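Subject: Structure for you to look at

Hi,

Here is the structure I promised to pass on. Please open it first, then read my notes below.

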Amino acid sequence: MTDILLVWIETSDPRMLEVNELRHVALFEPFGIPRCDTWNDDIPGVHHLIAVVGERVVGYSCLIVDDDEGQVRQVCVAPRQRGAGIGRALMSEVVDEAARLGLGTVWLNARVSAEDFYRRLGWVTTSGEFPFGRTGVPHVRMEYPQD
Ligand SMILES: CC(C)(COP(=O)(O)OP(=O)(O)OC[C@H]1O[C@@H](n2cnc3c(N)ncnc32)[C@H](O)[C@@H]1OP(=O)(O)O)[C@@H](O)C(=O)NCCC(=O)NCCS
């Protein structure tokens, strides 16, 4: 099992440069979408989570908090690091953070290609499919059940 360090960082953290590279490579490059580092990272309530292996940022997700609601966005793992539990570790920490913050609803728009990944981790689909985001690929809304 790879040693994975999970760290919540500020938007001003220099490691966000690595995050920008990762988000592009993992989320958009496969669709031929040109790199654009406009990520709305300064929106109120943003919490950035990175997964670090060695010295490298290999995973990322953010949690956008709005009142008692949290939206998870941009979940991604570097292509060569997939299948090693990094995505699971990220999502576990995101859910734990949402609980620490006392959020009532935690939700995300999942690419249909990742729906089963989230479902295995306890997320529940709450919508039909709809095209979304820069890729326009089909997504579904999912929520993490609260106790
Ligand atoms: C989806 C993603 C984050 C998963 O990260 P990962 O580090 O490979 O996932 P893990 O190794 O932690 O996998 C956890 C479990 O989910 C499964 N899994 C991983 N990706 C899956 C997928 N796309 N569909 C179904 N199951 C998946 C794994 O096999 C593993 O199963 P197990 O419980 O039997 O061991 C990663 O593949 C990725 O970055 N994909 C491209 C970007 C993307 O689509 N992000 C989601 C946007 S909504």
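**What I found**

Gln-74 sits in strand β4. Helices here are DSSP runs of H or I with at least four residues, strands are runs of E with at least two, and both are numbered from the N terminus. Gln-74 is not a glycine, yet its phi is positive, about 60°. It counts as partly exposed, because it has 18 C-beta neighbours inside 10 Å. The cut-offs are these: a residue is buried with 20 or more other C-beta atoms within 10 Å of its own, exposed with 12 or fewer, and partly exposed in between, with C-beta atoms placed from the backbone.

Two notes on the source. Residues are numbered from 1 along each chain as its sequence is written. This is a predicted model, so local features need pLDDT of at least 70 and side-chain atom pairs count only at pLDDT 80 or more, while totals for chains, interfaces and linings use all residues.

**The whole chain**

The chain has three helices and eight strands. Their order along the sequence is β-α-β-β-β-α-β-α-β-β-β. Of the 147 residues, 25% are buried.

**Helix α1**

α1 has 13 residues and spans 17 Å from first C-alpha to last, close to the expected 18 Å. The expected span is 1.5 Å times one less than the number of residues. Which residues of α1 are buried? They are Met-16, Val-19, Leu-22, Arg-23 and Ala-26. They cover an arc of only 105° around the axis, which puts them on the same side of α1. The arc is that of the directions from the helix axis to the C-beta atoms. These buried residues pack against β2 (46-53), β3 (56-66) and β4. Contact means that two C-beta atoms, placed from the backbone, lie within 7 Å.

**Helix α2**

α2 has 15 residues and reaches 21 Å, close to the 21 Å expected. Its buried residues are Ile-86, Gly-87, Leu-90, Met-91, Val-94, Val-95 and Ala-98. They fall within an arc of 170° seen down the axis, so they line one face of α2. An α-helix has 3.6 residues a turn, so residues three or four places apart point the same way. The face turned away from the buried side carries the exposed residues Asp-96 and Arg-100. Just after α2, Gly-102 has a positive phi of about 70°.

Look at Ala-98 in α2. It counts as buried because it has 22 C-beta neighbours inside 10 Å. Leaving aside neighbours within four places in sequence, Ala-98 is in contact with Leu-63, Gly-70, Leu-103 and Val-106.

**A loop residue**

Asp-67 lies in the loop between β3 and β4. Its phi is near 55°, a positive value in a residue other than glycine. Asp-67 is exposed, with 9 other C-beta atoms within 10 Å.

**Around the ligand**

Which of the 19 residues around the ligand come nearest? They are Arg-82, Gly-87, Arg-88, Asp-116 and Phe-117. A residue is near if its C-beta atom, placed from the backbone, lies within 6 Å of the molecule.

Best wishes
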